[in-house]
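Hi everyone, thanks for coming.

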Amino acid sequence: MAIVEVKTPQFSESVTEGTLLTWKKKPGEAVAVDEILVEIETDKVVLEVPAPSAGVLAAVLKADGSTVASQEPIASIDTEGKAGAAPAAAAPAPAAAAPAPAAAAANKGDVAMPAAAKILAEKGLAATDVAGSGKDGRVTKGDALAASPKAAVAAPVAVPASPAVAKPLPAVAAPVAPNLGERPEQRVPMTRLRARVAERLLQSQSTNAILTTFNEVNMAPVMEMRKKFQEKFEKEHGVKLGFMSFFVKAAVAALKKYPVLNASVDGNDIVYHGYFDIGIAVGSPRGLVVPIIRNADQLSFADIEKTIAAFGQKAKDGKLSIDELTGGTFSISNGGTFGSMLSTPIINPPQSAILGVHATKDRAVVENGQVVVRPINYLAMSYDHRIIDGREAVLGLVTMKEALEDPARLLFDI
């Protein structure tokens, strides 16, 4: 018997521990080299643990929902074992509740993507009921939407036999709560990402002197330019020309003009950053994440759009790396994609300012004494009043407004 240890990946310095989600293999089952055995959720990303060698999973040392550290042994593989044989020296795994539907599907090789899993749950379907068209047979959101709902009697929800039994964290969405009458309740533990976001938001509000300034922008010039060049842009660069690249460029223009908006507080010092790393808030099935566009001032419109598109896809698939989520000197949150009209965004520590973008709507405005209809977007910039005075904040937002209302300024850096 040749035993090979399976260890957790090396975590980054900012990550101290993680939570095992759901094992995709059971002791005694065959595994292939580099086959994903389990995923680990940290407060930033979900990491995959591949099999270091081919063979048979001999033992699982950490159960679903267990807390693990960096480089900690969590299982062992017998490289000479045969599938189906009882592990000779396998350490028994801690007792756990029955695996969630997503885990059962994973053991059969059919895994639903996070967005698809939620849709399948609403339709009463398991991942194994749908043919996946994604990579390695994964069930995509499109597959889930096209699947027909399953008319079946719901199985009773399993109740842990003892309070000491570890309850696995849900991989994507919690199972439907049992029918407790007209006032049902369900208690679900926060994911590590959700808990971390909550911690950082409270930290931001308790340590920053947050103030928000607003302005309105006539988006007609940007919309006209976008309409004029959309087809050629997409044909040339293979990506659509969106609005976010204009907002990123406008923000960079303001940060260059008023560097304190791009600064951060470190104790009693103000750190002025000579680079422009712009965080873009992205909603994912696991919660809010803010991947960073590095050196945004050096990127073209096409480069920015490609980067944002790649971040969006990675967020959906849970593939964003820790490096892509670390750092940033300024952030942009686009609540307009969900229909938000106005909001006061919360600063993303240790940054000192954040831009909130909202839905563009036709509104009546006065121009030259006449009431006219224009596509208006309300911009909101929250800033840390400890280091940013109202003058810099207001003028910085005005700079963004002027750049968006005359987008040719962005091309000539004026």
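This is a predicted model: local features need pLDDT of at least 70, side-chain atom pairs count only at pLDDT 80 or more; totals for chains, interfaces and linings use all residues.

How confident is the predictor? The mean pLDDT of the chain is 82, with 80% of the residues at 70 or more. Two stretches call for some care, though. Residues 88-110 stay under 50 in pLDDT, and the model gives them 32 contacts beyond four places in sequence. The other is residues 151-174, again with pLDDT below 50, where the model has 23 contacts beyond near neighbours in sequence.

On to the fold. DSSP runs give us nine helices and 19 strands. If you take the contacts with a sequence separation of 6 or more, 64% of them join residues 24 or more positions apart.

Now, please find serine 66. It sits in the loop between strand E6, residues 55-60, and strand E7, residues 67-69. Is serine 66 buried or exposed? Its relative accessible area is 17%, and the cut-off is 20%, so serine 66 counts as buried. What does its side chain meet? A polar atom of that side chain lies 2.7 Å from the backbone oxygen of alanine 63. Setting aside neighbours within four places in sequence, serine 66 touches Gly18, Thr19 and Leu20.

Threonine 19 belongs to strand E2, residues 17-20. Its relative accessibility is 4%, which is under 20%, so threonine 19 is buried as well.

My last stop is a pair of helices, H6 (residues 244-257) and H7 (residues 301-317). Their axes come within 9 Å and cross at roughly 115°, and the crossing of H6 and H7 is right-handed. Which residues make the contact? From H6 we have Met244, Ser245, Phe246, Val248 and Lys249, and from H7 come Phe301, Ile304, Glu305 and Ile308. Sorted by type, the residues of this contact are six nonpolar, one polar and two charged.

That's my tour, and I'm happy to go back to any of these places with you.

Methods:
Residues are numbered from 1 along each chain as its sequence is written. Side-chain values use heavy atoms; hydrogens and water are left out. Helices (H or I, at least four residues) and strands (E, at least two) are DSSP runs, numbered from the N terminus. Buried means under 20% relative accessible area, exposed over 50%, partly exposed in between (1.4 Å probe, protein chains only). A polar contact is a pair of N or O atoms within 3.5 Å; within protein, one must be able to donate a hydrogen and the other to accept it, and residues adjacent in sequence count only if both atoms are side-chain atoms. Contact means heavy atoms within 4.5 Å. Axes are lines fitted to C-alpha atoms, for helices over the stretch in contact, and angles run from 0 to 180 degrees between N-to-C directions. A crossing is left-handed if the near helix is turned anticlockwise from the far one by less than a right angle, and right-handed if clockwise. Ala, Val, Leu, Ile, Met, Phe, Trp, Tyr, Cys and Pro count as nonpolar, Asp, Glu, Lys and Arg as charged, and the others, Gly among them, as polar. pLDDT is the predictor's confidence in each residue, from 0 to 100.
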